Number of protein chains: 2
Amino acid sequence: MTSSDLHDQMREMGRAARRAANALAVAPAEQRSAAIRAMAMRLREAEGAILAANSADMEDATAHHDRLLLDAGRIESIAASLEQIAELPDPVGVEMDRWVRPNGLDIARVRTPIGVIGMIYEARPNVTADAAAICLRSGNAVILRSGSEAQRSAIAIHAALVRGLEDAAFDPNAVQIVATTDREAVGMLLSGLDGTIDLIIPRGGKALVERVSREGRVPVLGHLEGICHSYVHAAADPAMAVDIVRNAKLRRVSICGATETLLIDREVASELLPKIVQALDGCELRGDEGARTIVPMKVAAAEDWNTEYLAPILAVRLVDGIDEAIDHIARHGTGHTDAIITQDEDAAEKFMSRVDSAIAIWNASTQFADGGEFGFGAEIGIATGKLHARGPVGPEQLTSFKYKMRGSGQTRP
Amino acid sequence: MTSSDLHDQMREMGRAARRAANALAVAPAEQRSAAIRAMAMRLREAEGAILAANSADMEDATAHHDRLLLDAGRIESIAASLEQIAELPDPVGVEMDRWVRPNGLDIARVRTPIGVIGMIYEARPNVTADAAAICLRSGNAVILRSGSEAQRSAIAIHAALVRGLEDAAFDPNAVQIVATTDREAVGMLLSGLDGTIDLIIPRGGKALVERVSREGRVPVLGHLEGICHSYVHAAADPAMAVDIVRNAKLRRVSICGATETLLIDREVASELLPKIVQALDGCELRGDEGARTIVPMKVAAAEDWNTEYLAPILAVRLVDGIDEAIDHIARHGTGHTDAIITQDEDAAEKFMSRVDSAIAIWNASTQFADGGEFGFGAEIGIATGKLHARGPVGPEQLTSFKYKMRGSGQTRP
């Protein structure tokens, strides 16, 4: 396909998405639920086709990708996840606030869909279905762009989703997928396709995030790295500190809420750090000088404090109290999730107020940074920016609002 | 100053703003209130210097600008407006929501400042003071860039504001002003000054809006044109329709909430349009063919439906019912403010749900599109985008939020 053909095709996708979004926005919530349930059914039905496409993707994959692999169990769990999203409360039309002015004007703030969302993601087939369902739950149309390694799986899943949309009498253009691996298509999405895309959600590595911030012409709900800290304060309960740090680092090392750096107050480090290290079985440690005098470990280089390992590696630094911990997080954190472990409520409140993170935690694991754990039912990602949404992005975070002002003939003096 | 010197100076402004913002974010609300009150006092005190600067601006002005002119009364009213902002509830730290998960995790959503705001505006001296006070009320630092015609007035006002900040023991870098009329400075603000600017608020004409959307590398809370519609439905109360349309068009023609297009149902037009026209004394009318057969008026050209007149001119079009009215607004509106006048509640609710406007009004004037009229106390502008904030932008709309998660040792299964 020539670049000009691709441009034409992408612009037509944008226009079709806009039309579909206009219809979605005024459809009853139950119709959206029915569509999501139908998508789940059609996914199960398409198991054979999806697995065949996935085998082809797996054969061409440059490395072994556990996240890319599908089997019957994973397809079932994708379908089950859609069925959960179908049961979530529909945010569209919900009155967020309502008040009457002294002149009798009755003002209501009401949730509305955003419109058309461009979702650019990596090689995870389940995101194709999840993102489509969350967008639909919030009344938005979506244009999906899968990572090229999962392209065939994504297209097969998308075909099933479209059948579900049609079962519920929706315009199939409510969920579209970019069917080329041409990277120029990403640039076109980032340009906003003549204003038909309202929001870009990138979900991928550094290269994608950088490209989005360089080329993006539409608002972005992005998530930068999750360099999350667990800070063991002098007044921490020792057993709790051990449990939480182990869980925060090792429960799953590859998620954005995994702790990457342990900060520990110098005055309790000689007592506590050996116990924590003992619990971090199989984890590589990289420490500052203070940490290394207590427990032998590798030397932490300057870049370690700025690295999202997503691996069983932990940077360790001793600090002289809460202010130094907060300062370290201000310098090296990414505004994602940071925790303090302490029995001192004043210290905890100070930490939670001062750290400039989407999620500030007291006495729990940073791995709770997840829309499901927040009770949002589903999430499309974690936003680390401060505009529009911050933290887990579920259906409610994918809405905008409007004001409805009801009068009885008021004119402005 | 060379371009490289300007770059260095602007980047230092950004860094200083970031430091000031960090301090502002944790300052008590009462300290912010005290600063705003002190700013008002210092403004009154600086009346002589401000009027002298304003005379110099007026002498160089290329045209007569009523908005640029200051006198003692206007300075008093700017100071009084700051005192009102000082009394507004402080949004920072307010708990928006709080809930406990089944595992005992207590999650609170708490308002936080956004950080550093870049405010780029036209030649209105009062905006210098208002924007600074609204940003301070919401805990944000601000970098102001006044239109060049009001530059000397703005710098004189800014000097008074800084004295107020210092009276309340705040870092004067919490409110900075770009002291050059070099247009390159605007480009630097739009680049985000090495990530030190979190949000740009442009307030100006089309050329500025276009430059921002072309060059902006940071989120923008902007307002496009306000092409607002008043739609007189067949079931409108005739007297109410006359009153509302007159007010919506003529109360002040130069504000963004002024109605630019009148839509009227064909079945009542021959009866109602002459009465409405009679009330629109001094207003130029430009009509479609249907309107012109009822009342003699100029021909509306295609571009009239897409023009924000900000003048005593009204485009008039007859429609065949509510769907055609909604469709016209979808094609020509700017998502700002649109009103229906009708006694038919079902029609009103349909209209308010379907029009994709920040503010959808039933039986009142579009001129109510104003933060003060909403009860927000003050506004920095009206947002027409759908992300983050929509409609009037007051102190609350200039905040972000964070989650505080309070646990008792929870680890994630």
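In strand β11 of chain A, A:Leu314 has A:Leu285 standing opposite. The model is predicted; local features need pLDDT of at least 70, side-chain atom pairs count only at pLDDT 80 or more, and totals for chains, interfaces and linings use all residues. Residues are numbered from 1 along each chain as its sequence is written, while chains are lettered from A and ligands numbered from 1 in the order in which they are written.

Strand β11(A) covers residues 313-319. Helices (H or I, at least four residues) and strands (E, at least two) are DSSP runs, numbered from the N terminus. Four bridges join β11(A) to strand β9 (residues 284-287) of chain A, and the two run parallel. Strands count as paired if DSSP finds at least two bridges between them. Strand β8 (residues 259-265) of chain A also pairs with β11(A), in the parallel sense, over five bridges. Here A:Thr261 stands opposite A:Ala315. Strand β11(A) is mostly covered, with six of its seven residues buried. A residue is buried if 20 or more other C-beta atoms lie within 10 Å of its own, exposed if 12 or fewer, and partly exposed in between; the C-beta atoms are placed from the backbone.

Helix α1 (residues 3-25) of chain A has 23 residues. Its first and last C-alpha atoms are 33 Å apart, close to the 33 Å expected at 1.5 Å a residue. The expected span is 1.5 Å times one less than the number of residues. Buried residues of α1(A) include A:Met10, A:Met13, A:Gly14 and A:Leu24. Among the elements that cover them are β2 (106-113), β3 (116-121) and α7 (184-191) of chain A. Helix α2 (residues 29-45) of chain B has 17 residues and should span 24 Å; its end C-alpha atoms are 25 Å apart, which agrees. Its buried residues include B:Arg32, B:Ile36, B:Arg37 and B:Leu43. The cover over the buried residues of α2(B) includes α4 (72-87), α5 (125-137) and α6 (151-167) of chain B.

Chain A is assigned domain 1 (3-222 + 389-406) and domain 2 (228-373). These bounds come from an automatic or database domain assignment. The domain centres, taken over C-alpha atoms, are 35 Å apart. Five residues of domain 1 and four of domain 2 make the contact. Two residues are in contact if their C-beta atoms, placed from the backbone, lie within 7 Å.

Between the chains, 50 residues of chain B are in contact with 50 residues of chain A. Strand β16(B) gives the most to the side of chain B that touches chain A, with 11 residues. That side has 22 nonpolar, 16 polar and 12 charged residues. Ala, Val, Leu, Ile, Met, Phe, Trp, Tyr, Cys and Pro count as nonpolar, Asp, Glu, Lys and Arg as charged, and the others, Gly among them, as polar. Strand β16 (residues 399-410) of chain A pairs with β13(B) in the parallel sense over five bridges. In this pairing, A:Tyr403 stands opposite B:Ile359.

A rotation of 180 degrees, with 0.0 Å of shift along its axis, superposes chain B on chain A (RMSD 0.0 Å). This is the relation of a two-fold axis. In chain B, the C-alpha nearest the axis belongs to B:His388, 1.8 Å from it. Both copies use the same surface: 100% of the contact residues of chain B recur in chain A. Superposition is by least squares on the C-alpha atoms of residues with pLDDT of at least 70 in both copies.
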